Amino acid sequence: MKSLHRRKLISASAILAVAALTVATVPANAFSPKYEVGVNGSEIKLGITLPMTGAASPGYNKVPGAMKAYFDYVNANGGVNGRKITLVVKDDAYVPTQAVSKTNELILKDRVFALVAPLGTANNKAVAASVNPGRRGVPVLFVNTGFSGFADQKKYPTTYALLPSYVMEAKIMAEYIKDNFAGKNIGLVYQDDDFGTDALAGFKQAGVKFATTVGYASGSQGAATAAGWVTKLKAANCDVVILFGVSSATAAGLGTAAALKYAPQWILGSVGGDATTIKASGVPAGVLYNAVGASFLPATTDTTDEYVSLFSSIYAKAVPGSAFDNNVLVGMNSAFVTVQALKAAGGNLTRKSLLAAIDAKGSTFASAALLPLNYSATSHVGYNGYWFGKYSPTGDLKPDGGKYTLYTTDSGTGAVVKSTYKRPAMPAKGLPN
Amino acid sequence: MFEFINTLLIGITSGAIYSLMALALVLVWRSTRVVNFAQAGQALASTYFGFEAMKHIDNFWIALLIAMIGGAILAAFIEMVFMRLLLKHTSSGAIASVAPIIATLGLLEVIRALITLKWGGADVLIKAPLSNTGFSIGTHTLVFSPMKLAIIAVVVFLLSILSILFQKTNIGLSLRASAFSPELARLAGIRVDLVRTFGWALSGATGAVAGMLLVVNGNGSLSPASIEFSLLLISGFIAAVVGGLDSLLGTVIGGMILGLSTAFVLMYISDSLFFIAPFIILLLALIIRPQGILGKKGGRRA
Amino acid sequence: MTLIVNNLNVHHGAIAAISDVTFTVPQGELTAVIGSNGAGKSTLLRALSGLKGATSGNATWKEHNLLKGSAEIHVRHGISHVSEGMSVIPELTVEENLDLGAIWRRNKSEAQSSKREVFALFPRLEERRKQSTATLSGGERQMLAIGRALMSKPELLLLDEPSLGLAPLLVKQIFEAISNISKQFGLSVVLVEQNAMSALQIAHSGVVLNLGRVVAAGKAQELISDPAVRAAYLGY
Amino acid sequence: MRKINNKISNKTRIVIFLLLGFVIFLISNRVDELRVYQGASVAVYVVGIASIILLTGYSGQVSLGQGALLGVGGYAAALARNHWHASVPLTFAIAILAAAAAGALLGMAAARLSGPYLAGTTLALAVGLPSLANQFSILGGEQGLFFDVGAPPQSLGADFTQYKWFFWIAALATLIVIFWLQNVMRSRYGRTWKAIRGSDVAAELAGINIARSKVLAFTLSAGVAGLAGALLAMTIGTVSPSAFPLALSFSLLTGAVLSGVTTLGGVILGAVTLVAIPEIVASVVDRLGASEGVATNLPSLLVGALLILTVIVLPNGPVEQFRSKQRAKVKKSH
C-alpha cells in the first residue's frame with residue numbers, strides 16, 4: 001500500500017505542478033472588446049518568426065533589426081493613425097517545430113495583430129498547417145520566401161506573397177540567357193527541394209537546355225561538396241553556370257571554382273546572390289566580379305535612389321556599424337509596405353479591415369521595388385519581375401548599362417515581357433500617407 | 001580520370017582531418033574509457049581561440065599553436081572538474097555505463113551555447129596562410145593546393161610526434177599503462193589522475209588542430225552552428241570506431257576510409273547521401289569487421 | 001625496519017572484509033598469509049599497498065604510514081605489490097612491462113642495472129624482451145609480474161597468489177624463485193597463498209586468516225605442525 | 001518493493017489512469033489555447049521520453065538517435081494518411097509498426113554493440129536518416145509532407161478548437177502507452193531487461209537470450225518512438241527533415257535523464273521541464289531585459305547544464321532518489 005500511496009502522491013504532485021505552471025503563466029487578458037487583438041489606442045503589435053541562430057541565420061538575422069529601424073522611424077513621426085508599431089521577434093532556428101510553437105506564442109500569448117515577413121518555405125507550410133492563421137483570420141503579411149504556392153489564396157486565405165516566385169525568376173533568367181548567352185553551354189546548380197524544383201519547372205517551361213544540372217541536398221553545401229559540383233561542371237564544359245541556391249551554397253560554389261581556376265560566366269539567383277553574406281563567408285569580392293545577378297529592388301549602392309538613400313540613413317542611425325545590404329533593404333521594404341497596409345486599413349483597425357484594404361488598394365502601394373505589387377481580391381501575388389546586372393569589382397550588384405531593365409512574367413505559362421512599370425515617387429519623408 | 005584524381009585528393013585531405021579528430025577521441029578513450037561527444041564542441045571552441053589570436057597576431061601558425069594550448073587547457077579543465085566528479089558519483093547504478101556519454105553530450109550543448117553567447121551566430125573568418133588555388137598540370141587544375149598540402153603535412157607531422165611520444169617515451173608508456181590497467185599503473189608508481197588529465201589535454205590540442213585545419217580546408221568561415229563541425233563529431237567517431245578505437249594507426253586508416261568513401265559517394269552517387277553515407281560506412285564496418293580494422297576481437301564491449 | 005600491522009579493519013561497503021588484523025614482518029623475512037577463498041587475504045594486501053582504504057587501525061613500514069597516501073606514493077617508499085592473477089599488461093611488450101616498474105625512478109642508470117638483475121634472475125624474459133606480453137605462458141607472465149615489481153627496487157614485496165593457475169612444476173619453480181629473491185635482495189615479503197603448504201615451506205612465519213580475522217599465527221614450522229591448521233588448511 | 005508493487009491490482013491502476021484522464025480532461029477545459037497546445041507538446045515528449053526509458057532504463061542500452069525513429073513514425077503516418085487515406089487510429093498504428101520495424105533492424109545491428117559504440121551508431125543515424133527524405137521524392141524533400149488528422153468532430157461543438165482536439169488525441173494516446181508500458185515492465189520481459197541491465201553475464205547464465213531480448217527492447221522502444229513521431233507530426237501539421245533535428249534526440253535524452261531513466265514515474269517531470277524551460281527563460285530574460293542573443297542561447301545552455309548536473313548529482317533521477325529515500329525510511333522504521 002505504501003507504494004500506491006507514493007504513486008498517488010507523485011501523480012498528484014505532477015498534476016499540481018502542471019496546474020500551477022498553467023495558472024501562473026496565463027496572461028492577464030486585459031484587452032477590451034473595443035479593439036481587435038493586438039491593437040489598442042496607442043499600439044499595434046506585430047510578430048515575426050525567422051532563424052536568428054543556427055546554420056540558416058547568417059544574413060537573415062539582420063532583417064528584424066532593419067524592420068524595427070523603419071517602424072521606429074514611423075513611430076517617431078507620429079505612428080500609423082496615431083498608433084505605434086511594436087515588433088515581437090521569435091527565433092525558430094529554421095526548424096518547423098519551433099516555427100509552429102513560436103507562432104503559437106505570438107498569436108496566443110503575445111497576442112499579436114498580424115504576422116509579418118515570417119521566413120522559410122517549410123516553416124511557413126508547417127505554420128499554415130498547424131496554427132492555421134487562415135482559419136483564425138490572422139493576417140500573414142509578406143512571407144519571406146519565393147515559393148510560388150503561398151500566393152494561392154484559396155489555400156492560404158490570409159497570406160500574402162511579396163517576393164517574385166522562384167518560377168518567375170527562372171523564366172526571366174531563361175529569357176536573359178537567350179538574349180545574352182545564346183549557343184553557350186549552360187550548367188545549373190540548384191537546391192534539391194521545392195525551392196530548386198520550383199526553379200527547374202520554370203527553366204523547363206522556358207525551354208532552357210542544360211549541359212549538366214547538379215542538385216545538392218539542403219545542408220550539404222560546403223567546400224567538400226562544391227569541389228564535386230565544379231568538377232562535374234568543368235567536365236561538361238559549361239561556359240555559363242547558374243547558381244540557384246542559398247547564400248552559403250553560392251559562396252561555396254564560387255570559392256571552390258576560384259580555387260580550381262574555373263571561371264565561367266556566373267549567374268546568381270536572387271536568394272543566394274547577397275554579396276555581403278557571400279563575402280562574409282570568405283569569398284573574395286574579386287570572385288564575384290562580373291557575375292550576373294538579379295533583383296527586384298534597387299541596387300543597395302545606388303545612392304541616387306530615393307528609397308535607398310533614405311533607408312540607408314535611417315538604418316545607419318538605428319544600427320550603427322552594420323552594412324546596408326540586400327537583406328536590410330528587403331526588411332525595410334517589407335516594413336514600409338506593412339505600414340502602408342496598416343494605414344490603408346484605417347483608424348478602426350481590425351484584421352478584416354486590413355485584409356480588405358490590401359485586396360482593394362494593395363496594387364497601388366508605393367514601395368522601393370521597381371515592379372508593382374499585384375494584390376487584388378483574387379490575387380495574393382506580390383512582385384512579379386526582376387532586373388539583371390553585374391557585380392562590380394567590390395562585389396556590388398549594378399544594373400547592366402547603368403539603368404534598370406525590368407522583365408516581368410507570372411508563375412504560370414505566361415510569357416516574359418519587358419516591364420513598362422514606372423515606380424511612383426516616394427511619399428514625402430518616406431512616410432506613407 | 002581527372003575527376004577520379006580530384007575525388008581522391010578531396011578524400012585524402014578530409015580523411016586527414018577526420019583522422020585527427022578520431023585521434024582526439026581515441027586519446028580520451030585510452031586515458032579514461034570515455035567516448036567524448038563534447039570533443040567537436042571543444043574543437044570548435046579552440047578554433048575560436050585561434051580566431052581571437054588571429055585578430056592580434058596575423059599569423060595562422062602562431063594562432064594554431066594558441067588554439068592548441070587553449071584546447072589543451074579546456075580539455076584538462078573538463079577532465080579535472082567534470083569527469084572526476086562524474087566517475088566518482090556514478091560508478092554504479094542503472095545508467096553508470098551511459099552516464100559519461102550523456103554528460104559529454106550535455107557539455108557539447110553547454111559549450112556550443114557559450115560560444116554563441118560570446119561570438120554570436122554569424123560567420124567569422126580565419127584567413128588561410130597559404131593559397132587555396134589548386135596546382136595546375138597542363139591545362140588542368142587540381143583540387144590540391146598549397147594549403148591542402150600543408151594540411152596533410154601538419155597531420156603527418158602531428159601523427160609522427162604522437163606516435164613517437166607514445167611508443168618511445170616514458171610519458172607514452174605511462175599513458176598506455178594507465179589506459180590499459182589503471183591499477184597496475186598506480187602500483188608502478190604512476191600518478192594515474194595526472195596522466196589522465198594529460199591525455200585529455202593532448203586530445204584537446206589535437207582536436208584544436210583538427211578544427212583549425214577544417215576551417216582553412218574550406219572557405220575559411222567559422223560559425224557555432226556550422227554543419228562541418230557537426231559532421232566532424234560524427235566523422236571523428238566513425239573513423240575511430242572503424243579503426244578500432246584503441247589503435248593510432250587504425251585511426252588514421254579509419255579516417256582515410258571515411259574521407260575517401262564519402263568523397264567518392266558524393267562525386268559518383270548523390271549529394272543527398274552526404275549525411276547518410278558516414279552512417280552506412282559505420283554499419284558496413286560493424287558488420288564486416290566488428291573489432292575494427294586493427295582492433296582486437298571482442299573489443300566492442302566497452 | 002619492519003612491517004607492523006596493528007588492529008587493521010577494512011570494509012567493503014557495510015561488510016567487514018578484514019577485522020582487527022595484527023602481525024609483524026621483520027626485515028628480510030618472508031611471511032605467508034594463508035586462508036581459504038574469501039578470507040580477506042587479497043583485501044589485506046590491497047589495503048597495505050594503498051589500493052584500498054582502511055577503516056581503522058595502523059600499518060607502518062619503516063615509519064611510513066601505509067594507510068595514508070596512495071599506491072603511487074607507497075611504491076616510492078619501497079613497497080611493491082604484485083596483485084592477483086598475472087599482474088602484467090598484455091598490450092605492452094615484455095620490456096615495456098619491466099620499464100613500467102621503474103618509471104618513477106629518476107636515476108635511469110640504476111634502473112638499467114635493475115633490469116639486468118631481473119634478466120639475470122629470469123633469462124626467459126630477456127629472450128622475449130621485444131615480444132608482446134600476450135604471447136607469454138602463465139609461468140612467464142608471473143615471472144614478468146615479479147620482475148616488474150623488482151624494477152622499482154622494493155624493500156617490501158607484497159605477492160598475491162603467485163601460483164594461481166600454474167602447473168605444479170611451475171608452482172615449485174616460482175616458490176623457489178621467490179625464496180631466492182627474498183634472500184638475495186634482503187627483501188621482506190608478504191606472500192598471500194591458497195597453496196598453503198608450499199607457501200609455509202619457504203616462509204619464516206605465517207598468518208592464518210578466516211573470514212577476515214587472524215585465527216592462527218606464528219613460526220611457519222609451528223603452523224605446519226599445528227594439527228588444527230593442518231586439518232583446516234593443509235589438507236591432511 | 002516489487003512485492004508491494006504487485007499488490008496494486010490491474011483494476012486499481014485502471015481506475016488511477018481513468019482518474020488521471022478525467023483530471024486532464026478537466027484541465028483542458030479550463031486553460032487557454034496556448035496551454036492546450038503546450039499540453040499536446042508535453043504529451044508528445046512524454047511518449048518520446050518513455051521510449052528512451054524503456055530502452056535505456058530497462059534494458060541498459062543507450063540511443064542518441066531516438067529523433068530519427070520519431071521521424072520514421074512521422075513519415076509513415078503522413079504517407080499512410082496522404083496516400084491510403086487511412087483513418088487516424090490506423091495511421092498511428094502504421095506509424096508504430098513502421099518505426100518498430102526500423103527499430104528491429106537497428107536492434108539487430110545494435111545487439112552486438114554496447115556503451116559508446118551503440119551511442120555513436122545511433123547518433124550517426126540521427127544525423128543521417130532525416131536527410132534520406134531528400135533522396136526519395138515521395139518523401140517530399142526538404143519541404144516535407146502535410147499531415148492532417150482532420151478537424152474535431154462536429155458533436156464536440158463549434159467552440160472546440162483544433163489544438164484541444166490534438167491535445168485530446170495526444171493525451172489519450174499517452175495514457176494508453178504509459179499504462180501498457182507499465183504492464184510490459186511488470187511482465188517477464190521487463191524482469192528480463194532489468195536482469196540484462198544489471199549484468200549481461202549473469203543474465204546469460206540465467207538462461208536469458210540476451211540478443212533476442214535486446215532486439216525486442218529496441219523494437220518496442222522504436223514503436224513507442226514512432227507514435228511520438230506521429231503525434232509530433234500531428235501537432236505541427238507537417239513532417240520534414242528539419243522537424244527531426246539532432247537537437248530533438250538530445251532534448252528527449254535530457255528529458256529522460258531528468259525524469260530518471262529507471263522509472264516511468266517521473267516522465268511527466270522531464271516532459272514539462274522541456275516545454276517550460278524556453279518559456280521560463282523567455283520571461284526571465286524579458287524581465288531582466290537581456291539581449292536577444294542571451295534569450296536564444298540560454299535555453300540550450302540551461303538544458304545542457306541541467307543534463308550534466310542531473311547525471312552527476314541524481315544519476316537515477318529525482319523520482320527514484322525520492323523513492324529510495326522513502327525505502328530507506330521504511331526500512332529504518334521496521
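Two residues are in contact when heavy atoms of theirs lie within 4.5 Å. With that rule, and leaving aside neighbours within four places in sequence, I174(C) is in contact with G139(C), Q142(C), M143(C), P162(C) and L166(C). The model is predicted.

**How the chains meet**

- There are 4 pairs of chains that touch, and chains B and D make the most contacts among them.
- Chain A and chain C do not touch. Their nearest C-alpha atoms are 27 Å apart.
- Chain C does not touch chain D either. For chains C and D, 15 Å separates the nearest C-alpha atoms.

**Chain D as a whole**

- Chain D has 14 helices and 2 strands.
- Its length is 334 residues, and 58% of the residues in chain D are buried.
- Take the contacts in chain D between residues at least 6 apart in sequence. Of these, 78% join residues at least 24 apart.

**Helix α11 of chain D and its partner in chain B**

- The crossing of α4(B) and α11(D) is left-handed.
- On the α4(B) side, the contact is made by I102(B), L105(B), L108(B) and E109(B). On the α11(D) side, F250(D), L253(D) and V257(D) take part.
- By class, this contact of α4(B) with α11(D) has 6 nonpolar residues, no polar residues and 1 charged residue.

**Helix α11 and its partner within chain D**

- Helix α11(D) also packs with helix α6(D), which covers residues 115-128.
- The angle between α6(D) and α11(D) is about 135°, with the axes 8 Å apart. So α6(D) is oblique to α11(D).
- L123(D), A126(D) and V127(D) of α6(D) meet L246(D), S249(D) and F250(D) of α11(D).
- The contact of α6(D) with α11(D) counts 5 nonpolar residues, 1 polar residue and no charged residues.
- Look at F250(D) in both lists. F250(D) is part of the contact with α4(B), and F250(D) is also part of the contact with α6(D).

**A helix pair inside chain B**

- Helix α6(B) spans residues 170-180, and helix α8(B) spans residues 192-217.
- They pack at an angle of about 105°, with axes 10 Å apart. That makes α6(B) roughly perpendicular to α8(B), because angles from 65 to 115 degrees count that way.
- From α6(B), the residues in contact are I171(B), S174(B), L175(B) and S178(B). From α8(B), they are V192(B), V195(B), F198(B), G199(B) and L202(B).
- The contact of α6(B) with α8(B) has 6 nonpolar residues, 3 polar residues and no charged residues.

**Two isoleucines in helices**

- I174(C) sits in helix α7 of chain C, residues 168-185. Its relative accessibility is 3%, so I174(C) counts as buried.
- I174(C) and A54(C) are 120 residues apart along the chain. Their C-alpha atoms are separated by 30 Å.
- I96(D) sits in helix α5 of chain D, residues 88-110. Its relative accessibility is 31%, so I96(D) counts as partly exposed.
- Beyond its neighbours within four places in sequence, I96(D) is in contact with G223(D) and L227(D).
- I96(D) and G237(D) are 141 residues apart in sequence. From C-alpha to C-alpha, 18 Å separates I96(D) and G237(D).

**Two loop residues with positive phi**

- Most residues other than glycine have a negative phi.
- N237(A) is not a glycine, yet its phi is positive, at about 55°. N237(A) lies in the loop between α8 (223-235) and β8 (240-244) of chain A.
- N237(A) has a relative accessible area of 52%, so it is exposed. The cut-off for exposed is over 50%.
- R33(B), also not a glycine, has a positive phi near 60°. R33(B) lies in the loop between α1 (2-32) and α2 (39-56) of chain B.
- R33(B) counts as partly exposed, at 37% relative accessibility.

How values were computed
Residues numbered from 1 in each chain as written. Chains lettered and ligands numbered in written order. Predicted model: local features only at pLDDT ≥ 70, side-chain atom pairs only at ≥ 80, totals over all residues. Heavy atoms only, no water. Helix = DSSP H or I, 4+ residues; strand = E, 2+ residues; numbered from the N terminus. Buried < 20%, exposed > 50% of the residue type's maximum accessible area, 1.4 Å probe, protein only. Left-handed = near helix turned anticlockwise from the far one by under 90°. Nonpolar A, V, L, I, M, F, W, Y, C, P; charged D, E, K, R; others polar. Axes fitted to C-alpha atoms, helices over the stretch in contact; angles between N-to-C directions. Parallel < 35°, antiparallel > 145°, perpendicular 65-115°, else oblique.
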